[in-house]
Amino acid sequence: LTLLLLEMKFLYSVVAVLVVGSFFMHICDAADAEKLSYTVEHAFGTSDDFSSRGTLEIVSRNRGKITQEGSYDWEEKLYETASKQGLYFVRITSTHPETGRSVVAEAFTSACSLYASGFSDSFNLHTNSAGYVYAFSMSSSLSCPKGRLSKKTMAFRNVVSISESSKGPSPHTEKMLAENEKAREEKEMEHKDPEANKSFIEKYWIYIVLFVGMQIVSAFFTPQKK
């Protein structure tokens, strides 16, 4: 009984440590997320090098915005890539200024669709609990028109939504403790009364053998009727 109580105290202590640890990890992740900086780069076609597009700002847990930096000198490059039915690439780098850790995520969309929309694109970012963008998808508001692509003025617009990764289900500690306690009680009962788990034959085999033996002997010595 003393051993059982000690094991139960140990299990409750482990559960308490896990809960407190998870709480502090959540606080630390939230603090780290506030320190992260996000750079946004883009490239026009598979052979183009990435250049700066702007910065990403996390406005809330489910919304962000991209601030355009520099001029629109890349409009001609986008038009040429769109005319060739090429792809437009975006790269987002999440960087922690103190630790130097960075996570890079890339995605692409049709350059023709993006140009036809007047450079109106939508992003769906996927972040972990620490705030790092580990994946994202992007799309434009219009599809690529048929025929020759006409030149138009770009009006930079974007919509950024954020999906934070959800945590897995927590373990059912109460059910686990109850099952462990029941298993221990059953094990203790086995040690206290080893005869309880024996089958009928295991318990009374000696009597069965004696009964069968007596029947055989009795049949052998009983005279047969003529």
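Trainee: Is Gln85 buried or exposed?

Mentor: Gln85 is exposed, because its relative accessible area is 55%. Exposed means over 50%, buried under 20%, and partly exposed in between (1.4 Å probe, protein chains only). A word on the source: this is a predicted model, where local features need pLDDT of at least 70, side-chain atom pairs count only at pLDDT 80 or more, and totals for chains, interfaces and linings use all residues. Residues are numbered from 1 along each chain as its sequence is written, and side-chain values use heavy atoms, with hydrogens and water left out.

Trainee: Where is the place of Gln85?

Mentor: Look in the loop between α2 and β4. Helices (H or I, at least four residues) and strands (E, at least two) are DSSP runs, numbered from the N terminus.

Trainee: What is the phi of Gln85?

Mentor: Start with the general idea. Most residues other than glycine have a negative phi. Gln85 has a positive one, near 60 degrees. Phe119 also has a positive phi, near 65 degrees.

Trainee: Where does Phe119 lie, and is Phe119 buried or exposed?

Mentor: Phe119 lies in the loop between α3 and β6. Phe119 counts as buried because its relative accessibility is 0%.

Trainee: Which residues are buried in helix α2?

Mentor: An α-helix has 3.6 residues a turn, so residues three or four places apart point the same way. In α2 (residues 75-83), the buried ones are Leu78, Tyr79, Thr81 and Ala82. They sit on the same side of α2, because they cover an arc of only 165 degrees around the axis. That arc is taken from the directions from the helix axis to the C-beta atoms.

Trainee: What covers the buried residues of α2?

Mentor: The cover includes β1 (37-44), β4 (87-95) and α3 (111-116). Contact here means heavy atoms within 4.5 Å.

Trainee: How many bridges join β6 to β8?

Mentor: Two strands pair if DSSP finds at least two bridges between them. β6 (residues 120-127) and β8 run parallel, joined by 8 bridges. One partner pair is Phe123 with Val160 in β8. Strand β3 (residues 63-68) runs antiparallel to β8 (residues 157-164), with 2 bridges. There, Gly64 stands opposite Val160.

Trainee: Which residues make the nonpolar surface patch?

Mentor: Patch residues have over 30% relative accessible area and no salt bridge; like charges are joined within 9 Å, nonpolar side chains (Val, Leu, Ile, Met, Phe, Trp, Tyr) within 5 Å. A salt bridge is a side-chain nitrogen of Lys or Arg within 4 Å of a carboxyl oxygen of Asp or Glu. Here Trp205, Ile206, Tyr207, Val209 and Leu210 make a patch of about 540 Å². Areas come from the Shrake-Rupley method with a 1.4 Å probe; for residues, only the protein chains shown count as cover. Tyr207 lies in helix α5 (residues 200-221).
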